[in-house]
Amino acid sequence: MAIEIEKPSSVRLSKVAISKTHGEDSPYFAGWKAYDENPYDEIHNQSGVIQMGLAENQVSFDLLEKYLEEHHEVSSSGKGAPGFRENALFQDYHGLKSFRQAMANFMEQIRGGKAKFDPDRIVLTAGATAANELLTFILADPGDALLVPTPYYPGFDRDLRWRTGVKIVPIHCNSSNNFQITPEALEAAYQSAESMDLKVRGILITNPSNPLGSTIQSSVLNDILDFAVHKNIHLVSDEIYSGSTFSPSEFVSIAEILRNRNYKDAERVHIVYSLSKDLGLPGFRVGTIYSYNDDVVTTARRMSSFTLISSQTQHLLACMLSNHEFTQNYIKTNRERLNKRYDMIIQGLKKAGIECLKGNAGLFCWMNLSPLLNEPTRQGELELWNIILNQVKLNISPGSSCHCSEPGWFRVCFANMSEQTLRVALQRIHKFMEQRKVCSVNQ
Amino acid sequence: MRLIVPLQGVVQGRGGLIFGSLIPCALFYFLQLYLKRHRSPKPQSNPPSPTTSSPKLAEMTRTSSRSNLFSRSIGQVRISSRAISIAKPNESPYYIGLDKASEDPYDRLSNPDGVIQLGLSENRLCFDLIEKWMSENLGHSITGRDNGELNINGIATYQPFDGTMELKLAMAGFMSHIMGGAVTFEPSQMVLTAGATPAIETLCFCLADQGNAFLVPTPYYPGFDRDVKFRTGVELIPVHCRSTDNFALSITALDQAFNQTRKHGTKIRGILLSNPANPVGNLLSREMLYAILDFAREKNIHVISDEIFAGSMYGNEEFVSMAEVLDSEGFDKNRVHIVYGLSKDLSLPGFRVGVIYSFNENVLAAARKLTRFSSVSAPTQRLLVSMLSDARFIEEYIKTNKRRLQNMHALFVAGLKGLNIRCADSSAGLYCWADMSKLISSYSEKGELELWDKLLNVGKINVTPGSACHCIEPGWFRCCFTTLAEEDIPVVLERIRKAVENTTDLLNSS
């Protein structure tokens with residue numbers, strides 16, 4: 001969007017409005033534009049761009065549809081007088097108690113009962129995007145900083161910084177240890193912020209990680225929490241992919257770490273969750289903040305007035321998530337299917353000679369194309385990305401848009417399409433790799 | 001967990017509400033400033049390692065935190081300055097009353113001694129119509145059936161954050177209908193948000209920087225203080241209106257406020273209007289709209305027109321939208337933005353549906369991107385497309401709603417008249433603006449709050465005192481009548497009478 005040259009008398013917009021912090025001019029979003037203009041379709045547009053840049057979960061829709069089919073009354077918002085009226089009027093920022101209860105139970109189920117959640121500590125927001133922004137407003141002032149490990153979800157640049165005026169200082173991670181966060185890296189980031197005269201107010205981790213597609217180990221979580229205590233700062237754990245771990249035993253939530261410590265130092269910890277990934281319902285706009293800090297809960301609740309969840313949606317989901325049989329089955333089946341997809345893409349890439357980071361969660365894999373770069377720089381990565389987007393016609397996310405310190409890594413989503421489409425994508429990659437081999441042999 | 005501040009402390013605080021809250025705030029501010037300057041990072045001793053055995057502590061219980069705010073902030077993990085002010089217990093009678101009413105809600109049968117809620121502008125008069133529509137139509141309207149197959153894909157996946165085109169189209173049609181067909185709304189100029197609350201906030205983020213201000217005529221909707229100021233850092237400058245001309249807005253007053261503010265070094269970025277007005281319920285005339293647009297052009301500022309009550313007309317006056325005036329004259333449209341929502345006219349506040357309607361492409365572009373933080377839920381969008389597209393239903397709804405509003409309004413105002421309480425002239429809204437200044441012991445904010453307290457705690461009715469709406473004249477109260485049934489009106493009147501009977505005796509005897 002071009003900024004027009006403002007005539008002196010033309011009415012002025014705010015700095016927030018004209019700022020580029022929304023980040024929509026970056027390659028991450030440019031790829032989406034290419035997809036929007038020429039979207040792949042199994043039948044009607046087989047040469048179109050396949051969208052592998054959107055972390056959406058479409059593998060378990062049939063389970064949702066089956067539930068709704070069998071529980072018709074759920075989507076009718078309390079057909080018959082008493083339920084509906086109250087529901088339509090309900091705009092209390094505390095949120096529907098039954099829904100909060102259902103969410104707490106769901107979150108406990110995902111963690112195999114290894115953590116307990118109090119429904120009164122749940123604050124509802126219209127999506128995790130709003131939850132992360134809201135927490136940032138609460139934990140930091142304009143000009144303060146949050147530490148975020150790289151590579152990270154490109155949306156954070158916008159969600160954490162745009163309206164809040166808060167800065168992100170990266171905690172650099174690299175492939176030498178599978179991009180794990182180390183105490184040294186934490187300290188280095190903190191020092192870096194101090195040297196820029198920025199007050200660090202908290203750390204924000206995503207566990208399981210986006211874009212890495214792997215869970216954070218228990219010992220690392222303990223290190224991070226210790227660091228937060230030592231520096232007297234907050235710790236936000238975005239656990240939006242917690243239900244998308246392929247094997248339930250491999251995910252450790254910060255809630256478990258706290259439980260093991262008898263909740264000492266818990267008042268600096270806040271968990272973000274949503275139904276957009278695990279339940280594949282991003283359109284519903286359902287996010288939560290779970291905080292162990294009373295002031296944060298109170299403040300977040302009040303601020304959530306700007307981002308309430310539709311009461312109709314709360315009611316519908318309260319019914320669905322209270323159905324134990326449904327949730328047990330869904331969580332289990334969803335994990336299995338994601339695991340299967342993951343295996344499929346990893347094998348396919350391996351056959352094409354491409355290695356990925358060992359992953360165990362999420363809707364994507366972290367692919368290493370650094371051997372293919374003309375030069376081991378961001379420029380080289382973007383050149384390669386351009387080729388993959390425009391020639392191979394796959395929209396994948398370059399590591400640089402995730403602030404990865406090592407060029408050549410790409411995030412590839414595999415759950416937002418049918419198996420058939422994934423096969424087509426893998427064929428295209430295979431063909432591309434074959435052609436490059438031929439080229440390099442001929443040189 | 002909510003803490004209710006004892007009313008005693010609020011109402012009877014020495015020096016009144018303002019000093020009662022200003023001095024502690026100032027002290028707190030200075031304390032924070034002191035702490036900020038003198039705090040140095042102190043390396044603590046080794047944090048307890050997870051393997052060290054510690055005394056078995058009980059499962060963490062929530063503690064009452066508010067009283068510990070001072071002590072907790074020293075050495076404890078800090079929250080932002082923005083948050084600190086929001087975390088404070090809410091001292092506004094507007095919110096205190098709402099809490100009290102919701103804790104002990106009146107019910108004619110099951111709780112006849114409960115608090116009657118007249119402080120929340122909610123319309124319950126036409127629910128029967130909506131319920132009937134739901135039961136006849138709901139089956140397929142949410143999940144959707146393509147070729148008889150259940151299809152959740154259409155609503156489950158990521159939707160455009162600023163709303164689907166289908167809903168924008170349906171909304172445009174509805175808004176046009178509500179306003180008597182005098183305006184056509186373009187769906188492409190619409191941005192849908194999760195309620196009018198984020199619509200207002202989003203516009204503030206787009207039109208003003210931290211430290212800038214908007215002019216707002218008083219009395220105004222108490223929620224504006226939150227919507228405009230909470231997170232944006234934008235200020236609201238009141239432009240006082242008086243009962244002598246039925247609280248009409250005057251350009252002179254706008255001009256004075258503009259100049260005063262500018263003298264103090266604060267930049268005014270726009271005017272925030274509500275039309276129909278809340279809490280008074282009067283309308284801006286066509287001439288007034290022209291005058292405001294002229295003023296805005298002269299000062300080069302924006303105009304936000306919150307028209308959320310446009311479909312809640314009961315008077316005979318004609319409602320004229322800002323959009324209609326812009327259509328007809330050659331005004332610079334780039335500075336005008338309209339806010340709307342379904343919480344009042346269609347009685348669906350829980351569904352969270354608001355609209356930003358703007359003529360400024362740059363504002364629309366920015367607002368669209370900001371809707372990712374407050375989008376309308378997809379199943380709700382689908383439901384509403386169905387409902388709003390049902391022309392026959394909408395026609396019947398609008399007609400019936402108007403008729404019932406007229407009826408309730410007439411009954412309620414007549415009832416108040418019987419108690420010698422007169423109301424300001426109004427044509428719209430879900431409330432009336434009642435003059436109870438003769439019933440207060442001292443013609444001051446303190447007197448007004450004493451009466452409010454009596455009405456709430458003795459009379460058990462929650463009304464909104466004018467001071468919460470920043471009204472410059474004490475003694476005015478906003479009373480919402482659309483949460484009542486006809487049978488409730490005598491109950492309300494009786495309770496008012498009882499609550500003030502000693503006062504009037506007192507007044508009579510002196």
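Visitor: Which strands does helix H16 of chain B lie across?
Guide: Helix H16(B), residues 391-418, lies across E11, E12 and E15 of chain B, where contact means heavy atoms within 4.5 Å. The helix runs at about 15° to E12(B), using axes fitted to C-alpha atoms, for helices over the stretch in contact, with angles from 0 to 180 degrees between N-to-C directions. Helices (H or I, at least four residues) and strands (E, at least two) are DSSP runs, numbered from the N terminus.

Guide: A quick note: this is a predicted model, where local features need pLDDT of at least 70, side-chain atom pairs count only at pLDDT 80 or more, and totals for chains, interfaces and linings use all residues. Residues are numbered from 1 along each chain as its sequence is written, chains are lettered from A and ligands numbered from 1 in the order written, and side-chain values use heavy atoms, leaving out hydrogens and water.

Visitor: What's the strand order in that open sheet?
Guide: Its four strands go E11-E12-E15-E14 in chain B, with antiparallel pairing; strands pair if DSSP finds at least two bridges between them. E11(B) and E14(B) are the edge strands, each pairing on one side only.

Visitor: What stands opposite Pro465(B)?
Guide: That's Phe477(B), in E15(B).

Visitor: Switching to chain A, at what angle do H5 and H12 pack?
Guide: About 40°, with the axes of H5(A) and H12(A) 8 Å apart. That makes H5(A) oblique to H12(A), because angles under 35 degrees count as roughly parallel, over 145 as roughly antiparallel, 65 to 115 as roughly perpendicular and the rest as oblique.
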